[in-house]
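Colleague: I have the sequence and the fold open side by side. Can you walk me through it?

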Amino acid sequence: MKEIIKELVKILDENNFSVVGYDNGKIVSSEKKGVAPLLDFYNQNHVNMICCDKVVGKAAAIMHILLGSKYLHCHIISQKAIDILDKYGMQYSYDTKVDYILNRSKSGMCPLEKATEKCEDVNQGYKIIIETLNQLNSGK
């Protein structure tokens with residue numbers, strides 16, 4: 001598995017991808033930002049993958065748990081993401097730990113990190129993610 005993770009990190013870093021997964025011998029990737037690629041993977045039934053993700057906050061961690069990711073490596077992870085990954089027994093590694101994920105303007109906490117902050121159940125977390133994204137998208 002270490003060789004697969006090393007290759008996924010290389011693919012992630014050499015391309016403009018936000019997340020890369022290894023799904024039964026096939027590489028899947030996305031350039032979309034935030035949890036969008038993970039929602040796509042979920043809807044396309046890419047489950048039980050080995051994943052490499054650039055930034056993992058609690059909402060992304062919830063999605064990786066729902067995806068049943070076999071292993072997750074990320075460049076940046078929040079403490080709340082670590083807490084829920086540990087609670088659900090997911091295997092992971094990371095390069096840098098932060099207190100929380102910043103929003104895109106770097107002026108405060110990511111809205112999905114904030115929305116899922118107190119959530120301890122991934123199914124409820126999924127509902128919160130969808131509701132928050134709908135609210136954010138309707139405000140644009």
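Predicted model: local features only at pLDDT ≥ 70, side-chain atom pairs only at ≥ 80, totals over all residues.

Colleague: Now the largest nonpolar core. Which element supplies the largest share of it?

Modeller: This core has 30 residues. Val35, Leu38, Phe41, Val56, Ile77, Leu85 and Ile129 have the most contacts inside it. At least two residues each come from α2, β3, α3, β4, α4 and α6. The largest share, eight residues, comes from α3.

Colleague: Take Ile77. Which residues is it in contact with, leaving aside neighbours within four places in sequence?

Modeller: Ile77 is among the residues with the most contacts inside the largest core. Beyond its sequence neighbours, Ile77 meets Val56, Ile82, Leu85, Tyr92, Tyr94, Thr96, Lys97 and Val98.

Colleague: How many residues are in the other core, apart from that one?

Modeller: Its members include Ile5, Leu12, Phe17 and Tyr71. This separate core has ten residues.

Colleague: Is Ser18 buried or exposed?

Modeller: Ser18 sits in the loop between α1 (2-14) and β1 (19-23). Not counting residues up to four places away, Ser18 touches Leu12, Ser30, Glu31, Lys32, Pro37, Cys52, Asp53 and Lys54. Its relative accessibility is 9%, so Ser18 counts as buried.

Colleague: Which backbone oxygen does the side chain of Ser18 reach?

Modeller: Lys32 is one of the residues that Ser18 touches. The distance from the Ser18 side chain is 2.4 Å, and the oxygen belongs to Lys32.

Colleague: Asn24 is next. Is it buried or exposed?

Modeller: Asn24 lies in the loop between β1 and β2 (26-30). Its phi is positive, near 50°, in a residue other than glycine. Exposed means over 50%. Asn24 has a relative accessible area of 74%, so Asn24 is exposed.

Colleague: And what is the relative accessible area of Asn45?

Modeller: Asn45 belongs to the loop between α2 and β3. Phi of Asn45 is positive too, near 65°. Asn45 is exposed, and its relative accessible area is 57%.

Key
Residues numbered from 1 in each chain as written. Heavy atoms only, no water. Helix = DSSP H or I, 4+ residues; strand = E, 2+ residues; numbered from the N terminus. Buried < 20%, exposed > 50% of the residue type's maximum accessible area, 1.4 Å probe, protein only. Polar contact = N/O pair within 3.5 Å; in protein donor to acceptor, adjacent residues only side chain to side chain. Contact = heavy atoms within 4.5 Å. Core = buried A, V, L, I, M, F, W, Y, C linked by side-chain atoms within 4.5 Å.
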